[in-house]
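Let's take a friendly walk through a protein model, from its overall layout down to single residues. Keep the picture in view as you read.

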Amino acid sequence: MINRLSTLYRLQMIDDELDQLEEMRGDLPAAVYDLKNQIDSIRNLVEQRQVEKDESRKKMIFNEDEIERHKADLVKFKSQLYQVRNNREYDALTKSIDKAEEEIVRLENENKALDLLIERLKAEVADVEPQLSTFQEELDIKESELKKIIEANEREEAKLTDKRSQVVSILKQGDYNQYMRVRKACNGKAIVTIDRSACTGCFNVVPPQRQLEIRQNKRLYNCESCGRLLVSPEISKEVKDSY
Ligand SMILES: [Zn+2]
C-alpha cells in the first residue's frame, strides 16, 4: 500500500511540474485560439459575400438578356399592330405589349436593387477586410511567442512526460482514474499531505482520528473538506527526498 500511495504522490509531483510548464504559456494558447476563430469568421463572411455578389451579378446578366428579349418582342408586336384584322387580334397584341413593358420595368427595377445590393456587399467586405490583416499580424506574433516557449521547454517536457508514463504504468488503473478525477475537480492538485494538522490542499483541519489513520498508510483517504486524496507527511517527505 505504501508503494501505491507514494507512486500516486510522485505522479502529482510530476504533474505539478508539467502544470508549471503549461502555465508559462500563459494566455497565449487561448489568445491564439481566439484569433484563429476571429480570422475564420471574417474569412467566412468575406467568402459568403463573394458568393452573394457572384450570384447577384449572374442574375443581373440574366435579367439584361430577358430585357433585350422583351424589347425585341415589343418591336415585333408594335409592327404587327399595323397588320391586325380584327378587334380580338388588336386586344391580344396590346395585352402582349403591356405585359412586355411591365416585365421590362420589373426587370430593370430588380437590376437596380441588385446593383445596390452588390455595392452594399462590397462595402461590408471593405469594412472587415482590414481587420483580417490586423488579426493575422497579431496571430503571427502570439504564435511565435508560444512557439519559443514551447521549444524552450520541449526537452524538459519530454523528460517529464516520459517519467509520467513510467509512473502511470505501475499504478493500478483504479488509483489512476481516481487521481485524474480528483485532479480535474480540484484544479490540478489531486493528492496532498497534512501539515500542522491541516490538509495542505484546502488548509482545513483534519480530525485527529483521521490523521492517525492516514499515518498508518493503509489506504487512501479523501479530505472531508475538499475531497483531495491525503497521504501522510512521511510519504510526502520520502517521495520528495527521492524525487
Ligand atoms: Zn482539503
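In this predicted model, the protein chain is divided into domain 1, residues 26–152, and domain 2, residues 172–242. Taken over C-alpha atoms, the centres of domain 1 and domain 2 are separated by 65 Å.

**Two helix pairs**

Let's begin with helix α2 (residues 28–80) and helix α3 (residues 87–170). The axes of α2 and α3 come within 6 Å and cross at roughly 165°. An angle over 145 degrees counts as roughly antiparallel, and α2 and α3 are therefore roughly antiparallel to each other. The crossing of α2 and α3 is left-handed.

Now look at helices α1 and α6. These two pack at an angle of about 60°, and their axes are 9 Å apart. That angle makes α1 oblique to α6. In this pair the crossing is right-handed. On the α1 side, the contact is made by I2, L5, S6, Y9, R10 and M13, and on the α6 side by I235, S236, E238 and V239.

**The two sides of α6**

Which residues of helix α6 (residues 233–242) are buried? They are I235, S236 and V239. Why do these residues sit on the same side of α6? Because they cover an arc of only 100° around the axis. Turn to the other side of α6 and you will find K237 and D241, which are exposed.

What do the buried residues of α6 pack against? Their partners are helix α1 (2–24) and the strands β1 (191–195) and β4 (229–231).

Next, pick out D15, a residue of helix α1. Is D15 buried or exposed? A residue is buried if 20 or more other C-beta atoms lie within 10 Å of its own. D15 has 21 C-beta neighbours inside 10 Å, so D15 counts as buried. D15 and L160 are 145 residues apart in sequence, while their C-alpha atoms are 8.3 Å apart in space.

Now try R196, found in the loop between β1 and β2 (198–199). R196 counts as exposed because it has 8 C-beta neighbours inside 10 Å. R196 and F77 are 119 residues apart in sequence, and from C-alpha to C-alpha they are 106 Å apart in space.

**Two residues with a positive phi**

Here is a backbone detail to look for. Most residues other than glycine have a negative phi. S197 has a positive phi of about 65° although it is not a glycine. N217 is not a glycine either, and its phi is positive at about 55°.

Where do these residues lie? S197 is in the loop between β1 and β2. N217 belongs to the loop between α5 (208–215) and β3 (221–222).

The table gathers the neighbour counts of the single residues on this tour.

| Residue | C-beta neighbours inside 10 Å | Counts as |
|---|---|---|
| D15 | 21 neighbours | buried |
| N217 | 17 neighbours | partly exposed |
| S197 | 11 neighbours | exposed |
| R196 | 8 neighbours | exposed |

To read the table, remember that 12 or fewer neighbours means exposed, and that partly exposed lies in between exposed and buried. So S197, with 11 C-beta neighbours inside 10 Å, counts as exposed, and N217, with 17, counts as partly exposed.

Terms used
Residues numbered from 1 in each chain as written. Predicted model: local features only at pLDDT ≥ 70, side-chain atom pairs only at ≥ 80, totals over all residues. Helix = DSSP H or I, 4+ residues; strand = E, 2+ residues; numbered from the N terminus. Arc of directions from axis to C-beta. Contact = placed C-beta atoms within 7 Å. Domains from an automatic or database assignment. Axes fitted to C-alpha atoms, helices over the stretch in contact; angles between N-to-C directions. Parallel < 35°, antiparallel > 145°, perpendicular 65-115°, else oblique. Left-handed = near helix turned anticlockwise from the far one by under 90°.
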